[in-house]
Each structure stands twice: as C-alpha cells, then as structure tokens.
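Colleague: I am new to this structure and would like to learn how to read it. Could you walk me through it, feature by feature?

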Amino acid sequence: MEHSDAVKITLSKLYESVGGNLNDVLERLDDIEIVEQFVLRFPDDLSYTLLFHKLQENDLKSAFHAAHTLKGMSHSLGFDHLGNCATNLCEQLREGVTPSAVLLHQLKTEYDCVIEAIDKFKENR
C-alpha cells in the first residue's frame, strides 16, 4: 500500500466522523497530500477564536468576517456540518443580529468534532 492510499483511508475516517466528503474535496484539490496538509493546518487558523472574541466585544462586523472565513475554510475542506453552521451564523451577523446561544452551541459542537477528528488523525499518522 502506498503512503497516499494509507492517508486516504485515514482521511476517509476523519471525514466520515465529521459528516464530510473526502471525494468532493479531492475533486477540487486533486491531491490527497495537499488535502492532508490543509486539514492538518486547520486547527492553527484563528477564525474560530476571533469570532467568539469579537462577539464578546459586541463587534458584529468583525465577528462576521471571522465567521465568513471559517465558513469558507470549512466548506473548502469538506467539513460541511461546520460550514453549514458557519453559514447560518454569517446570515445572522450580516443582518446585524447577535447569534442565538443555540446556534453558537451548535457551531462549537461541530468545531470541536472537527478538531477532535484531526487530533485523532494526527495520532494515527
């Protein structure tokens, strides 16, 4: 088994656990090694942390930008459940509405799921 086959099997499990679709991502990025690199970098992005920080400051415009970045990255990497939550959050923030606690909890749950799956992926590399 080649390295890329082993990576695909492990990445497939990661994507299954977060409700994503690795094949869709591979159609866009076309290289399993590139997908792996971007997945491993995802936890380093500060958009999620910045989003909550800006919400605490009641800076809805900056919170929107952070949510929009999180949405784009999530959808680009095929983390669809997280991306959909971020999309809903963007819609509320775009309208100048402070997001509901339910939506923020849902976003946190999906984000934590992705981060946990990536951590497990790292352990099994």
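Modeller: Gladly; we will take confidence, helices, the core and aromatic rings in turn.

Modeller: This is a predicted model, where local features need pLDDT of at least 70 and side-chain atom pairs count only at pLDDT 80 or more, while totals for chains, interfaces and linings use all residues. Residues are numbered from 1 along each chain as its sequence is written, and side-chain values use heavy atoms, leaving out hydrogens and water.

Colleague: What is the mean pLDDT of the protein chain?

Modeller: pLDDT is the predictor's confidence in each residue, from 0 to 100. Where it is low, the predicted coordinates should not be read in detail. Here the chain has a mean of 93, and 93% of its residues reach 70 or more.

Colleague: Which residues of H5 are buried?

Modeller: Buried means under 20% relative accessible area, exposed over 50%, and partly exposed in between, with a 1.4 Å probe and protein chains only. In H5 the buried residues are Leu 60, Ala 63, Phe 64, Ala 66, Ala 67, Leu 70, Lys 71 and Ser 74. They line one face of the helix, because they fall within an arc of 165° seen down its axis; the arc is that of the directions from the helix axis to the C-beta atoms. These buried residues pack against H4, H6 and H7.

Colleague: Is Ser 47 buried or exposed, and why?

Modeller: Ser 47 counts as buried because its relative accessible area is 7%. Ser 47 lies in helix H4. Contact means heavy atoms within 4.5 Å, and, not counting residues up to four places away in sequence, Ser 47 touches Ala 66, Thr 69 and Leu 70. For contrast, take Asn 88 in helix H6 (residues 80-94): at 37% relative accessibility, Asn 88 is partly exposed.

Colleague: How many residues does the largest nonpolar core have?

Modeller: In soluble globular proteins, nonpolar side chains tend to be buried together. A nonpolar core is a set of buried Ala, Val, Leu, Ile, Met, Phe, Trp, Tyr and Cys residues joined through side-chain atoms within 4.5 Å. The largest one here has 38 residues, and those with the most contacts inside it are Leu 14, Tyr 15, Phe 42 and Phe 79. H7 gives the most to this core, with nine residues.

Colleague: Which residues form the aromatic cluster?

Modeller: Rings of Phe, Tyr and Trp (its six-membered ring) pair if their centres lie within 6.5 Å; planes under 30 degrees apart count as stacked, over 60 as edge-to-face and the rest as tilted. By this rule there are five aromatic pairs. Tyr 48 and Tyr 111 are stacked, at 3.7 Å centre to centre with 0° between the planes. This pair joins distant parts of the chain, 63 residues apart: Tyr 48 is in helix H4 (residues 47-56) and Tyr 111 in helix H7 (residues 101-123). Both tyrosines are buried. The cluster consists of Tyr 15, Phe 42, Tyr 48, Phe 52, Phe 79 and Tyr 111.

Conventions
Helices (H or I, at least four residues) and strands (E, at least two) are DSSP runs, numbered from the N terminus.
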